[in-house]
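Subject: Structure handover

Dear colleague,

Here is the structure for your files.

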Amino acid sequence: MADDMGRLASLRCVMADEKLDGWIVPHADEFQNEMLPPAAERLAWLTGFTGSAGIAVVLSGGRAAVFTDSRYTIQVRRQTDESVYETFNVPDSSPLEWAAGVLKNGGTIGYDPRLVTIAQLEAWQKKASENDLVLRPVMDNLIDRIWEDRPAEPATPVTPFPLETAGWRAAEKLEMIRHDLAARDLFGFVLTMPDSVAWLLNVRAQDVPHTPLPLSRLIIRADRLTWFIDPARVPEDLRRALAQETGIEILPPDRLSGAVTALGEDAAEAGKSIGLDYSTATDWVRMHIESGKGRIADVKDPCAAPRARKTSAELEGMRRAHVMDALALVRFLFWLERAGKAELASLSEFDLGERLLAFRTEAGGERFRGPSFDTIAGYNENGAVVHYRAEEKTAARIVLPGVLLLDSGGQYDCGTTDITRTIPLGEPSRIAEMFPDFPECYTRVLMGHIALAMARFPDGTRGVQLDAFARRPLWDAGLDYMHGTGHGVGCHLSVHEQAAHISPRGNAPLEAGMVISNEPGYYRENAFGIRTESLVAVRRDERYDASLSFETLTLVPIRTDCLMAELMTARQIAWLNAYHARVRETLAPCLAQEPDLLAWLEAACQPVVNL
């Protein structure tokens with residue numbers, strides 16, 4: 001846990017200097033990344049909470065609270081000092097409603113406009129006005145004033161993303177985006193999401209943990225393109241190639257504020273609007289456009305949808321990445337199964353993550369660029385923490401019997417992976433004694449996974465319409481899970497891509513070329529967690545007009561020795577057997593020189609028979 005009292009005392013001192021009754025600390029950086037560079041981990045530094053979604057509110061009178069979503073209910077209680085921080089789930093309680101209830105007679109709440117999106121601020125302002133609160137932007141972040149050893153801002157070298165994997169040249173993408181903006185009669189667009197910048201320009205970097213992004217922004221006009229990044233980070237040959245292809249101008253980040261203000265002035269003179277995506281652009285950008293008298297239109301990031309629709313080259317790259325990843329996973333699973341009871345007892349969840357990283361590094365070689373997120377290796381009750389993160393000093397030991405939930409992924413130079421397998425360790429009969437309903441729960445999660453994998457659906461189908469496919473087998477037993485069923489995945493970009501997802505709130509239509517996770521689960525607090533996750537590509541189903549289906553990209557065996565096959569339909573079992581046949585056929589030629597591992601793979605892919 002963080003040094004809560006000392007850091008809170010320092011924060012309250014600077015709050016008093018600013019005459020603030022409260023200060024908001026979101027899990028966010030200036031670019032609205034999910035995974036933050038160390039310099040932006042303000043919420044973790046203050047509270048100890050390391051989840052990827054959360055907000056702290058610190059009040060001057062002595063109370064403070066952390067708000068998260070249902071994925072982090074258990075984690076936030078474990079990582080924060082309950083004597084200092086109250087913890088709440090959103091939407092059960094909102095940060096500003098809580099603050100108003102404590103302050104009673106209103107007050108002034110400060111926030112950093114660089115870290116808050118326009119849409120988020122509008123929602124906050126509505127809550128503030130309803131509760132006699134005033135929101136005040138503060139340009140100089142209060143946490144940064146007191147964080148004495150704050151890490152330096154990242155500045156890694158920018159590298160090109162090859163055309164043979166991207167499929168489209170930067171000039172082709174730019175032409176498409178400009179056509180979109182012209183159709184909307186926009187003067188220009190401020191592109192604030194680094195993954196959109198990376199996709200548009202066919203570039204990558206390592207500014208963010210696990211995500212190959214250059215933290216930068218673009219201003220797109222009809223007649224010019226300006227990239228705000230330290231020019232020294234971009235190699236000369238890449239600068240020349242981009243300039244020749246797109247006419248791009250590269251300026252240092254400290255020129256952004258003036259350029260955005262000038263954009264507002266030029267747009268006002270032309271009588272046109274500037275496009276911003278209110279869900280991702282920050283209030284800071286809005287303030288600077290409006291300082292130039294510019295008019296703003298809320299327009300979805302024009303790169304989001306085409307980025308999500310992978311080209312044939314990107315899909316082929318994703319398939320290659322999944323073969324490399326599968327070879328790493330089967331070698332890990334083979335080692336795990338062969339490890340003795342004494343060896344496993346000497347290892348922790350953290351050690352398993354490190355061992356898996358070693359297998360990925362070996363399998364991918366120079367093509368492996370690192371994990372796509374922090375490995376989730378949750379043993380027994382830790383598996384019930386949806387986004388659990390094992391720490392080296394506190395990770396649980398692997399004492400048999402038990403259930404391991406292993407969620408991990410890799411970044412390869414041609415694609416991104418994300419896979420979860422639930423792995424019973426020890427004698428199945430002893431696991432059934434520990435957790436009598438584990439086999440049924442495991443089977444129902446797999447049935448939901450298969451139901452979604454087999455889905456065939458018409459053009460225009462939204463994620464919310466498919467979500468129930470995965471939940472139905474659990475619902476039949478009165479069970480459910482409190483996270484989405486699927487998220488988008490980028491091609492050597494973010495493992496969580498936002499254009500489309502499968503969940504109760506998934507309103508965007510699924511389109512051919514999108515890569516999405518299929519990950520139903522079930523979690524029993526203080527007992528075990530179950531999740532079966534593979535990545536799938538949305539594809540055109542040639543058998544029917546205007547119909548789509550899924551291609552499963554992940555090629556790793558699913559444990560079948562704990563199944564209650566009698567619960568499954570003949571079609572579900574046929575799908576599972578066909579999947580394992582495909583896994584075996586794809587991986588076996590790569591393992592010809594490893595006979596013991598090949599024999600293990602053959603056994604792991606044996607057909608399931610429903611007697």
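This is a predicted model: local features need pLDDT of at least 70, side-chain atom pairs count only at pLDDT 80 or more; totals for chains, interfaces and linings use all residues.

Residues are numbered from 1 along each chain as its sequence is written, and side-chain values use heavy atoms, with hydrogens and water left out.

Helices

Helices (H or I, at least four residues) and strands (E, at least two) are DSSP runs, numbered from the N terminus. The expected span of a helix is 1.5 Å times one less than its number of residues. Buried means under 20% relative accessible area, exposed over 50%, and partly exposed in between, with a 1.4 Å probe and protein chains only. Arcs are taken from the directions from the helix axis to the C-beta atoms.

Helix α5 covers residues 118-130; its 13 residues should span 18 Å at 1.5 Å a residue, and the 19 Å between its end C-alpha atoms agrees. I118, L121, W124 and A128 are the buried residues of α5. Seen down the axis of α5, these buried residues fall within an arc of 115 degrees, so they line one face of the helix.

For α8 (residues 170-183), 14 residues at 1.5 Å each should span 20 Å, and the end C-alpha atoms are 20 Å apart, in agreement. Its buried residues are A170, K173, L174, I177 and L181. They cover an arc of only 100 degrees around the axis, which puts them on the same side of α8. E175, H179, A182 and A183 are exposed on the other side of α8.

Buried in α16 are E349, L352, G353, L356, F359, R360 and G364. Down the axis of α16 its buried residues fall within an arc of 120 degrees, so they line one face of the helix. Those buried residues pack against α14 (312-338), β15 (368-371), β16, β17, β18 (410-412) and β20 (419-425). Just after α16, G365 has a positive phi of about 60 degrees.

Backbone in the loops

D132 is exposed, with a relative accessible area of 58%.

K104 lies in the loop between α4 (95-103) and β5 (107-111). K104 is not a glycine, yet has a positive phi of about 65 degrees; K104 is exposed, at a relative accessible area of 66%.

The peptide bond from L400 to P401 is cis, with omega near -5 degrees. P401 sits in the loop between β16 (376-379) and β17 (402-408).

Buried single residues

Contact here means heavy atoms within 4.5 Å.

T282 belongs to the loop between β13 (273-276) and α12 (283-291) and is buried, with a relative accessible area of 2%. T282 and T117 are 165 residues apart in sequence but 3.9 Å apart in space, C-alpha to C-alpha. Leaving aside neighbours within four places in sequence, T282 is in contact with E30, Q32, P113, R114, V116, T117 and I118.

D195 is in helix α9 (residues 194-201) and is buried, with a relative accessible area of 8%. Not counting residues up to four places away in sequence, D195 touches L213, R307, L493 and S494.

I376 is in strand β16 and is buried, at 7% relative accessible area. Beyond four places in sequence, its contacts are V386, H387, Y388, L405, L406, D407 and R531.

The second largest pocket

On a 1 Å grid over the protein atoms alone, a pocket is an open set of points where a 1.4 Å probe fits, with protein on both sides within 12 Å along at least five of seven lines; lining residues have an atom within 4 Å of a point. Grid points are joined across faces, edges and corners, and a volume is the space filled by probe spheres set on the points.

The second largest pocket holds about 530 Å³ of space. Its lining has 23 residues, with E30, F31, L215, R217 and P253 nearest the centre. The lining divides into twelve nonpolar, two polar and nine charged residues. Here Ala, Val, Leu, Ile, Met, Phe, Trp, Tyr, Cys and Pro count as nonpolar, Asp, Glu, Lys and Arg as charged, and the others, Gly among them, as polar.

Regards
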